[in-house]
Amino acid sequence: LVLLTVVSVLVGALLNTLAAFGEEVGWRGYLLAALSPLGGRRAALLTGLIWGLWHVPLIAQGWNYPGEPLLGSLLMVLFALAWGIILAWLRLRADSMWPAALGHGAVNAAGSSLVAFFPLDNPLLGAPVGLVVQVPSLLWALWLLRSPVWKRTPLLAARPVRTPPA
C-alpha cells in the first residue's frame with residue numbers, strides 16, 4: 001500500500017502538473033507579481049488568502065468537506081493560505097513557475113492518495129484537506145515565512161512569467 005501510494009503520488013504529480021500550471025500562472029505568476037509591491041510575505045499571504053476564498057463556493061457545495069460548508073470553507077482558506085505560501089516560496093526560490101506547478105500537482109495527487117492512511121470519516125480531520133494534513137503544512141509555511149527569498153519579490157512585478165518555448 002505504501003509503495004502503491006508513493007508511485008501514484010509521483011505519477012499523479014507529473015500528470016497534475018500540466019493542469020495545475022494554468023492555475024499557477026494566475027496565482028503565483030500574475031497575482032503574486034501584482035501584489036509584490038506590498039512585500040513578499042504580504043504578497044504570498046494575500047495570494048493564498050484569495051486562492052482560498054476562490055475555493056469557498058465549491059466547498060459550500062460539498063467539495064472536500066461534505067456536510068461542513070462553514071467550517072470546511074474556513075479550513076480550505078487555511079489550506080490555501082499555507083500552500084499559497086509554500087508554492088510562492090517555490091516560485092520565488094526557483095525563479096520559475098514549474099516548481100510551483102509541480103508542487104500544486106503533487107498536492108492534488110497526494111490528497112487522494114492520503115485517504116488510504118487518513119480516512120475521510122470526518123472531513124474536517126482526515127484527508128485530503130483535513131487538519132491531519134493541514135497542521136504540518138501550516139507549520140512548514142510558518143517556517144518558510146522566515147526565508148530571505150521574500151526580499152526578492154519586488155523584482156517580480158517588472159518581469160514577465162517565464163513559460164517554456166512552444
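**Exercise 1.** Asn64 is found in the loop between α2 and α3; describe the backbone phi and the exposure of Asn64, and do likewise for Asp95.

*Solution.* The model is predicted: local features need pLDDT of at least 70, side-chain atom pairs count only at pLDDT 80 or more, and totals for chains, interfaces and linings use all residues. Residues are numbered from 1 along each chain as its sequence is written, and side-chain values use heavy atoms, with hydrogens and water left out.

Step 1. Asn64 has a positive phi of about 65 degrees although it is not a glycine.

Step 2. Asn64 has a relative accessible area of 30% and is therefore partly exposed. The classes are buried (under 20% relative accessible area), exposed (over 50%) and partly exposed in between, with a 1.4 Å probe and protein chains only.

Step 3. Asp95 lies in the loop between α3 and α4. The phi of Asp95 is also positive, near 55 degrees, in a residue other than glycine. With a relative accessibility of 22%, Asp95 counts as partly exposed.

**Exercise 2.** Identify the residues of the largest nonpolar core that touch the most other members, and the helix that supplies the largest share.

*Solution.* Step 1. A nonpolar core is a set of buried Ala, Val, Leu, Ile, Met, Phe, Trp, Tyr and Cys residues joined through side-chain atoms within 4.5 Å.

Step 1. The largest such core has 31 residues, of which Leu32, Trp51, Tyr65, Phe79, Trp83 and Trp150 touch the most other members.

Step 2. At least two core residues come from each of α1 (2-35), α2 (40-60), α3 (69-94), α4 (98-114) and α5 (131-144). The largest share, twelve residues, belongs to α3.

Step 3. For Tyr65, the contacts (heavy atoms within 4.5 Å) include Ile59, Leu75, Met76, Pro123 and Val129, leaving out residues up to four places away in sequence.

Step 4. One member, Trp51, also has Arg28 over its ring face, at 4.3 Å from the ring centre. A charge sits over a ring if NZ of Lys or CZ of Arg is within 6 Å of the ring centre and within 35 degrees of the ring normal.

**Exercise 3.** Count the aromatic pairs, then characterise the pair of Phe21 and Trp98 and that of Trp83 and Trp140.

*Solution.* Step 1. Rings of Phe, Tyr and Trp (its six-membered ring) pair if their centres lie within 6.5 Å; planes under 30 degrees apart count as stacked, over 60 as edge-to-face and the rest as tilted. The count by this rule is three aromatic pairs.

Step 1. Phe21 and Trp98 are stacked, at 4.3 Å centre to centre with 15 degrees between the planes. Because Phe21 lies in helix α1 and Trp98 in helix α4, the pair ties together parts that are 77 residues apart in sequence. Phe21 is buried at 13% relative accessible area, whereas Trp98 is partly exposed at 33%.

Step 2. Trp83 and Trp140 are edge-to-face, at 5.7 Å centre to centre with 90 degrees between the planes. This pair links helix α3, which holds Trp83, to helix α5, which holds Trp140, 57 residues apart. Trp83 is buried at 13%, while Trp140 is partly exposed at 39%.

Conventions:
Helix = DSSP H or I, 4+ residues; strand = E, 2+ residues; numbered from the N terminus.
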